[in-house]
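Trainee: I have a structure on my screen and would like to learn how to read it. Could you walk me through some features, one at a time?

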Amino acid sequence: MDHPFFESIEKIPFLGPDTDEPLAFRWYDAERQVLGRPMAEVLRFAVCYWHTFCWPGDDVFGDATFARPWMVSDGEPMDMARRKLGVAFELFEKLGVPFFCFHDRDIAPAGDSFAQTCDRLDTILDEAQAHMERSGIRLLWGTANLFGHPRFAAGAATNPDPEVFAYAAAQVKHCLEATHRLGGANYVLWGGREGYDTLLNTDLRREADQLGRFMQLVVEHKHAIGFGGTILIEPKPHEPTKHQYDRDVAAVFAFLQKYGLDKEIKLNIEVNHATLAGHSFQHEIAYAIANDIFGSVDANRGDPQNGWDTDQFPNSVEEMTLAVYEIMKNGGIGNGGFNFDAKLRRQSIDPVDLFHAHIGGMDTIARALLCAEALIDDNPLGRHVDARYAGWNESLGARILSREESLDTLYQRVRAENLDPTPVSGRQELLENEVARRLYRR
Ligand code: XUL
Ligand code: CO
């Protein structure tokens, strides 16, 4: 059929910032050394199967707009999955991304029974594995779709019916093992419908315990099969449910601690989910790092005027720089990566639009990385922060933290020494200028 599908498109070259060629990278130069390593290794880009190959361009008001040959309505489902797989690897290879991600239902169709559904996934994943071996492209994460089928309408792990919990558990066991077989670096759990629509029919305490037990089962099984990757939860405040339990990084951290999982599970942080929760992306990254639960990134952004998950490709170097700075100054992306869990706009109907979208997203993040590198090398923010908190390394601060002081001794000291601390400037505007002058460096 369609091999190559993107017929007129060659492998995307790096041509540098001055090129007029639209199908080229201006900033993403896989080999360029940044922070002591090649950019490709520092960023670990991934393309997602879901939006890129499975979303047909429909919305609640209108039909599919993308004419993709693997989405024809009378097609045999396994043939369609194979077509999609071939085109997917063509895109990954032409973009030169090192990783991809999938939901089980994105990559292989459901069957008539649970057993057939599992067999179909295994069959397609065997073929995916052959593509991976041939191309060297690796799996950043796998995940199970526990939200699309009507059986999950009232949640998966948090469903009032334990049989739905059992079904979800069986699906995750199978998908986790498949991810392990493919050498996946992580396994993601996004609580698609783990939340509520109305408290009138919801037992919050019970649902939290169900979700806690579910996550414990996943972690126990990870260890039982020897999966060395990281289990990641992806927070989101709402959509599809009115209130999702994994609301934001702070909510997930509290949940993990309550169920004894904070050393076992880390977070996959999505830009659009952060902003929907009323946070900046930088905040969510920094909060996760500060609590040792940062794992990976879904780099898709929202629209500042829209209050829903628009899943757009990143295009703000400024927003990305601050988040990439947080990540890089704290040791980097580690086992995670920058995944584009992003959608084209519905009118972007041409196959080439998939390239424009990913090139723009990769260039935005690559450029942000260069700005972050300058902020790390020159260290204007770090120096200011160190100086700002210096008192905590010295006698009084150190004594407070090491429990040598009580309320009473502090009272005596303030009284005896007549302490009268002087306010100091936070220098916010200066620091904003320090960031601004390093943006858009070459
Ligand atoms: C949904 C979302 C998912 C997760 C994986 O908003 O982001 O694609 O990344 O299930
Ligand atoms: Co996501």
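Mentor: Gladly! Let's begin with Lys94, which sits in helix α3 (residues 77–95). Keep in mind as we go that this is a predicted model.

Trainee: Is Lys94 buried or exposed?

Mentor: For that we look at relative accessible area, where buried means under 20%. Lys94 has a relative accessible area of 13%, so it counts as buried.

Trainee: Which residues does Lys94 touch, leaving out those up to four places away in sequence?

Mentor: Lys94 touches Pro4, Phe6, Ile9, Glu10, Lys11, Ile12 and Phe355. Then look for polar partners. A polar atom of the Lys94 side chain lies 2.9 Å from the backbone oxygen of Phe6, and the Lys94 side chain also makes a polar contact with the side chain of Glu90, at 2.8 Å.

Trainee: Now the metal. Which residues coordinate the cobalt ion (ligand 2)?

Mentor: Glu234 and Glu270 through OE atoms, and Asp298 and Asp341 through OD atoms, at 2.0 to 2.2 Å. Along the sequence, these donor residues of the cobalt ion are spaced E-x35-E-x27-D-x42-D. Glu234 lies in strand β8 (residues 230–234) and Glu270 in strand β10 (residues 265–270), so the pair ties together parts that are 36 residues apart in sequence. Both Glu234 and Glu270 are buried.

Trainee: How should I read the angles at a metal, and what is the geometry of the site of the cobalt ion (ligand 2)?

Mentor: Start with the ideal: six octahedral donors give angles of 90 or 180 degrees. Here the cobalt ion (ligand 2) has 6 donor atoms with angles of 80 to 172 degrees among them, and its site is octahedral.

Trainee: Which residues are around ligand 1?

Mentor: Among them are Trp50, His103, Trp141, Trp190, Lys236 and His273. A polar side-chain atom of Glu270 is 2.8 Å from one of ligand 1's oxygen atoms, for Asp298 the distance is 3.0 Å, and for Asp309 it is 3.2 Å.

Trainee: How much of ligand 1 does the protein bury?

Mentor: Taken alone, ligand 1 exposes 290 Å², and the protein buries 98% of that.

Trainee: What about the backbone? Which residues join in a cis peptide bond?

Mentor: Check the omega angle. Between Glu239 and Pro240, omega is about 10 degrees, and the bond is cis. Pro240 belongs to the loop between β8 and β9 (243–244).

Trainee: And where is phi positive in a residue other than glycine?

Mentor: One case is Asp311, with phi near 55 degrees, in the loop between β11 (294–298) and α11 (317–329). Another is Asn418, whose phi is about 50 degrees; Asn418 is in the loop between α15 (407–417) and α16 (428–436).

Trainee: Are Asp311 and Asn418 buried or exposed?

Mentor: Asp311 is buried, at 4% relative accessible area, whereas Asn418 is exposed, at 61%.

Conventions: Residues are numbered from 1 along each chain as its sequence is written. Chains are lettered from A and ligands numbered from 1 in the order in which they are written. This is a predicted model: local features need pLDDT of at least 70, side-chain atom pairs count only at pLDDT 80 or more; totals for chains, interfaces and linings use all residues. Side-chain values use heavy atoms; hydrogens and water are left out. Donors are N, O and S atoms within 2.8 Å of the metal (3.2 Å for Na, K and Ca); water is not among the atoms, so sites may look incomplete. Four donors count as tetrahedral if all angles lie between 85 and 135 degrees; four count as square planar and six as octahedral if opposite donors are over 155 degrees apart and all others between 65 and 115; anything else is irregular. Helices (H or I, at least four residues) and strands (E, at least two) are DSSP runs, numbered from the N terminus. Buried means under 20% relative accessible area, exposed over 50%, partly exposed in between (1.4 Å probe, protein chains only). A residue is near a molecule or strand if one of its heavy atoms lies within 4 Å of it. A polar contact is a pair of N or O atoms within 3.5 Å; within protein, one must be able to donate a hydrogen and the other to accept it, and residues adjacent in sequence count only if both atoms are side-chain atoms. Accessible areas come from the Shrake-Rupley method with a 1.4 Å probe; for residues, only the protein chains shown count as cover. Contact means heavy atoms within 4.5 Å.
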